[in-house]
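Dear colleague,

I am handing over the structure that we spoke about, and below it you will find my notes on what turned up in it. Please read them with the model open beside you.

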Amino acid sequence: MTEYIPTIGLEIHVQLSTKSKMFCRCDNNAEGKEPNTVVCPLCMGFPGVLPVGNATAVEYGVKTALALGCAINKFQRFDRKNYFYPDLPKAYQISQFFFPVGEHGSVAIDYLGLDRKTKKEFKVGINRIHLEEDAGKLIHTKDATLVDFNRCGTPLMEIVTEPDINSPEEAKAFMQELQRVVRSLGVSFADMEKGHLRVDANVSVRPKGQKELGAKIEVKNMNSFKFMEQALKFEIERQIKVLEAGEKLQQETRGWDSKSGTTILQRVKEGSIDYRYFPEPDLPPVVLTDDQISQWQNSIGLPSTLRATAERKGLPYSRVFELQDKDKLMLFVGVMHMRVELNPIQVANWIEKFDNEEKLIEFMDVVGKHNLSPAAAQKYWETGQIPKVMDEAVLKQAVEQVLTNNPDVVARYKAGETKLIGFLIGQVIKQAGSGADPASVAAQLNKLLAQ
Ligand SMILES: [Zn+2]
């Protein structure tokens with residue numbers, strides 16, 4: 001049987017976590033809101049309105065492009081992409097066609113092979129990254145199609161890779177790395193199931209030895225890492241079967257159907273659609289200075305630094321991102337960004353108790369400076385008092401004093417009333433001051449009582 005080489009390129013849409021939408025002041029967090037309530041004349045495409053670009057979205061786009069090794073376009077411009085669809089009330093989408101945020105990037109990925117032991121490495125070229133606005137959402141019911149415009153105008157970043165991916169495992173490893181990068185940059189929550197991170201794949205197969213790529217088939221609707229892996233695996237096998245049967249493949253778009261575990265034909269491509277791109281006349285171009293770009297470059301040491309810190313301290317990098325609460329995740333990323341020297345495990349342990357970056361950093365600084373044990377740190381958090389770190393000799397003296405002062409209690413303890421240890425610990429702490437932590441007091445008491 002002929003051996004076939006699969007070739008995969010990805011087109012990823014990343015929903016940016018800005019406060020407001022791309023070109024209007026509407027809240028960018030419409031999750032769980034009533035349909036068509038988070039809208040305004042601008043994102044509804046009313047005539048005569050003027051869009052205003054979201055500067056944070058540009059910053060997020062540039063930071064991501066820098067993190068993925070792209071060359072940044074200092075001159076960027078928005079263009080109109082014209083097409084009609086019921087979820088797009090303006091009948092055009094504002095995108096960046098001619099001057100995207102960044103181009104010609106590259107990401108090095110390593111991952112564990114199927115045996116979970118062999119480390120594999122590969123590189124994925126980034127063709128381009130551009131910004132655009134999202135369309136609304138169509139909801140198909142039994143007897144009608146409804147439209148929700150809440151998502152209209154949500155800032156999106158589209159990342160297009162080169163066809164450098166050769167297996168479903170590589171595609172998954174790339175997407176997981178991309179998720180880590182955008183999360184650690186704090187530019188997206190990147191939850192695939194919630195549609196923050198959406199991926200379409202161009203898949204082809206060719207017999208080994210053939211240079212020319214096979215017919216490119218687009219696969220959509222893969223809304224989890226698992227589905228993406230399954231869909232790509234199915235599609236590669238399907239294409240090989242068609243070729244082995246002596247038939248031809250044509251350019252088409254297919255959708256993953258998780259119920260049947262197959263890809264289903266959606267439409268056959270007949271030439272490319274002409275979107276009649278032209279510069280958006282209502283928005284000035286974005287012009288960046290070298291200073292601005294290097295400032296952003298300096299601020300994103302994060303993904304690699306955070307990863308190195310986590311690994312050095314023995315914390316799996318990915319575990320950091322298991323923090324489910326978005327606000328806590330952002331807080332964590334912010335704190336680790338400000339203070340890369342902090343221990344990520346400790347920060348993760350304390351994050352539940354804080355919702356303010358400065359306060360948490362201040363707290364971690366005190367804990368670090370006084371080298372507080374977890375119990376002492378807890379005490380400091382409760383009382384605001386820094387427990388003094390007790391000198392061994394001082395503690396011993398306090399214990400001896402308490403034992404001398406309470407001969408009857410000591411006698412009863414030795415006769416078997418072991419619960420009296422609690423009373424003795426209390427007396428020692430009273431004697432020694434708040435710096436004595438119960439664990440060391442108990443250890444010292446047990447030592448002397450055993451003599
Ligand atoms: Zn709006």
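Where is the place of A91? A91 sits in the loop between β4 (79-82) and β5 (92-95), where helices (H or I, at least four residues) and strands (E, at least two) are DSSP runs numbered from the N terminus. Before going further, please note that this is a predicted model, in which local features need pLDDT of at least 70 and side-chain atom pairs count only at pLDDT 80 or more, while totals for chains, interfaces and linings use all residues. Residues are numbered from 1 along each chain as its sequence is written.

Two backbone positions

The phi of A91 is near 70°, a positive value in a residue other than glycine. Most residues other than glycine have a negative phi. A91 counts as exposed because 11 other C-beta atoms lie within 10 Å; the terms here are buried for 20 or more other C-beta atoms within 10 Å of a residue's own, exposed for 12 or fewer, and partly exposed in between, with C-beta atoms placed from the backbone. N36, in the loop between β1 and α1 (55-67), also has a positive phi, near 60°, and is likewise a residue other than glycine. N36 has 15 C-beta neighbours inside 10 Å, so this residue counts as partly exposed.

Domains

The protein is divided into domain 1 (4-279), domain 2 (301-369) and domain 3 (392-449), with bounds that come from an automatic or database domain assignment. The centres of domain 1 and domain 3, taken over C-alpha atoms, are separated by 66 Å.

Helix packing

For the helix pairs, axes are lines fitted to C-alpha atoms over the stretch in contact, and angles run from 0 to 180 degrees between N-to-C directions. Helix α2 (residues 168-185) and helix α3 (residues 225-244) have their axes 9 Å apart and pack at an angle of about 155°. That angle makes α2 roughly antiparallel to α3, on a scale where angles under 35 degrees count as roughly parallel, over 145 as roughly antiparallel, 65 to 115 as roughly perpendicular and the rest as oblique. The crossing of α2 and α3 is right-handed, a crossing being right-handed if the near helix is turned clockwise from the far one by less than a right angle, and left-handed if anticlockwise. P168, A171, K172, M175 and Q176 of α2 make the contact with F225, M228, E229, L232 and K233 of α3, two residues being in contact if their C-beta atoms, placed from the backbone, lie within 7 Å. The residues of this contact of α2 with α3 divide into 6 nonpolar, 1 polar and 3 charged; Ala, Val, Leu, Ile, Met, Phe, Trp, Tyr, Cys and Pro count as nonpolar, Asp, Glu, Lys and Arg as charged, and the others, Gly among them, as polar.

The axes of helix α11 (residues 392-405) and helix α14 (residues 438-449) come within 10 Å and cross at roughly 60°, which makes α11 oblique to α14. Their crossing is right-handed, and in it L395, K396, V399, E400 and L403 of α11 meet S440, V441, Q444, L445 and L448 of α14. By class, the contact of α11 with α14 has 6 nonpolar, 2 polar and 2 charged residues.

α1 and helix α4 (residues 290-299) pack at an angle of about 65°, with their axes 10 Å apart, and α1 passes α4 in a right-handed crossing. Here E59, V62, K63 and L66 in α1 meet I293, W296 and Q297 in α4.

Individual residues

Y275 is found in the loop between β14 (262-268) and β15 (278-279), and it is partly exposed, with 15 other C-beta atoms within 10 Å. Although Y275 and N82 are 193 residues apart in sequence, they are 4.9 Å apart in space, C-alpha to C-alpha. Leaving aside neighbours within four places in sequence, Y275 is in contact with K81, N82 and Y83.

G255 lies in strand β13 (residues 252-257) and counts as partly exposed, with 17 C-beta neighbours inside 10 Å. With neighbours within four places in sequence again left aside, the contacts of G255 are K220, N221, T263, I264 and Q266.
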